[in-house]
Amino acid sequence: MEERGIIATVIIGFIVGLVARFVKPGDDKSGLVMTTILGIIGAFVGSFIGQAFGIYGPNERAGFIGAVVGAIIVLALVNAFNKKRALP
């Protein structure tokens, strides 16, 4: 991946992460880096789910909405894992 592609992925990941955190209610104390990572992982999850359901082709990536949906799924899983870990 060339340099512009990496920078674009990080910027889009950050935007997707912000949208996902805004859409999914709850107390999130994640910082800037975790929001960006959430968005990038969400894009991968959205692509995988879209390809599994035949929405995207084998070499297609998720669009913005697919990436947001993937990020919301990842955020919900992280929150569930953190709540489970916090129980005595």
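Analyst: One term before we start: helices here are DSSP runs of H or I with at least four residues, numbered from the N terminus. Also keep in mind that this is a predicted model.

User: Thanks! How many helices and strands does the protein chain have?
Analyst: The protein chain has three helices and zero strands. Along the sequence, the pattern reads α-α-α.

User: And what share of the residues is buried?
Analyst: Of the 88 residues in the protein chain, 24% count as buried. The accessible surface comes to about 6400 Å², and 72% of that belongs to carbon and sulfur atoms.

User: Which residues make up the nonpolar surface patch?
Analyst: The patch is made by Ile7, Ile11, Ile15, Phe48, Ile49, Phe53, Ile55, Phe64, Ile65, Val69, Ile73 and Leu77, and it covers about 1200 Å². The elements giving two or more residues to it are α1 (3-23), α2 (32-52) and α3 (64-86).

User: Which of them gives the largest share?
Analyst: That would be α3, with five residues of the patch.

User: Let me pick one patch member. Where is isoleucine 15, and why is it called partly exposed?
Analyst: Isoleucine 15 is in helix α1. It is called partly exposed because its relative accessible area is 40%, and that label covers values between the 20% limit for buried and the 50% limit for exposed.

User: How far is isoleucine 15 from phenylalanine 64?
Analyst: Their C-alpha atoms are separated by 9.5 Å, while the two residues are 49 residues apart along the chain.

User: OK, now the inside. Which residues form the largest nonpolar core?
Analyst: The largest nonpolar core has eight residues: Val16, Ala20, Leu38, Ala67, Val68, Ala71, Val74 and Leu75. Both α1 and α3 supply at least two residues of this core. The largest share, five residues, comes from α3.

User: Tell me about valine 16. Is it buried or exposed, and what does it touch?
Analyst: Valine 16 is in helix α1, and it counts as buried because its relative accessibility is 1%, below the 20% cut-off. Setting aside residues up to four places away in sequence, valine 16 touches Gly39, Phe64, Ala67, Val68 and Ala71.

User: And which residues does leucine 38 touch?
Analyst: Leucine 38 touches Gly17, Ala20, Arg21, Ala71, Val74 and Leu75, again not counting residues up to four places away in sequence.

User: Switching to α2: how many residues does it have, and which are buried?
Analyst: α2 has 21 residues and reaches 30 Å from its first C-alpha to its last, close to the 30 Å expected at 1.5 Å a residue. Buried in α2 are Thr35, Thr36, Leu38, Gly39, Gly42, Gly46, Ser47 and Gly50.

User: Why does threonine 36 count as buried?
Analyst: Threonine 36 sits at 12% relative accessibility, so it counts as buried, since the cut-off is under 20%. Leaving aside neighbours within four places in sequence, threonine 36 is in contact with Val10, Gly13 and Phe14. The C-alpha atoms of valine 16 and threonine 36, 20 residues apart along the chain, are separated by 7.8 Å.

Definitions and conventions
Residues are numbered from 1 along each chain as its sequence is written. This is a predicted model: local features need pLDDT of at least 70, side-chain atom pairs count only at pLDDT 80 or more; totals for chains, interfaces and linings use all residues. Side-chain values use heavy atoms; hydrogens and water are left out. Buried means under 20% relative accessible area, exposed over 50%, partly exposed in between (1.4 Å probe, protein chains only). Accessible areas come from the Shrake-Rupley method with a 1.4 Å probe; for residues, only the protein chains shown count as cover. Patches are made of residues with over 30% relative accessible area and no salt bridge: like charges are joined within 9 Å, nonpolar side chains (Val, Leu, Ile, Met, Phe, Trp, Tyr) within 5 Å. A salt bridge is a side-chain nitrogen of Lys or Arg within 4 Å of a carboxyl oxygen of Asp or Glu. A nonpolar core is a set of buried Ala, Val, Leu, Ile, Met, Phe, Trp, Tyr and Cys residues joined through side-chain atoms within 4.5 Å. Contact means heavy atoms within 4.5 Å. The expected span of a helix is 1.5 Å times one less than its number of residues.
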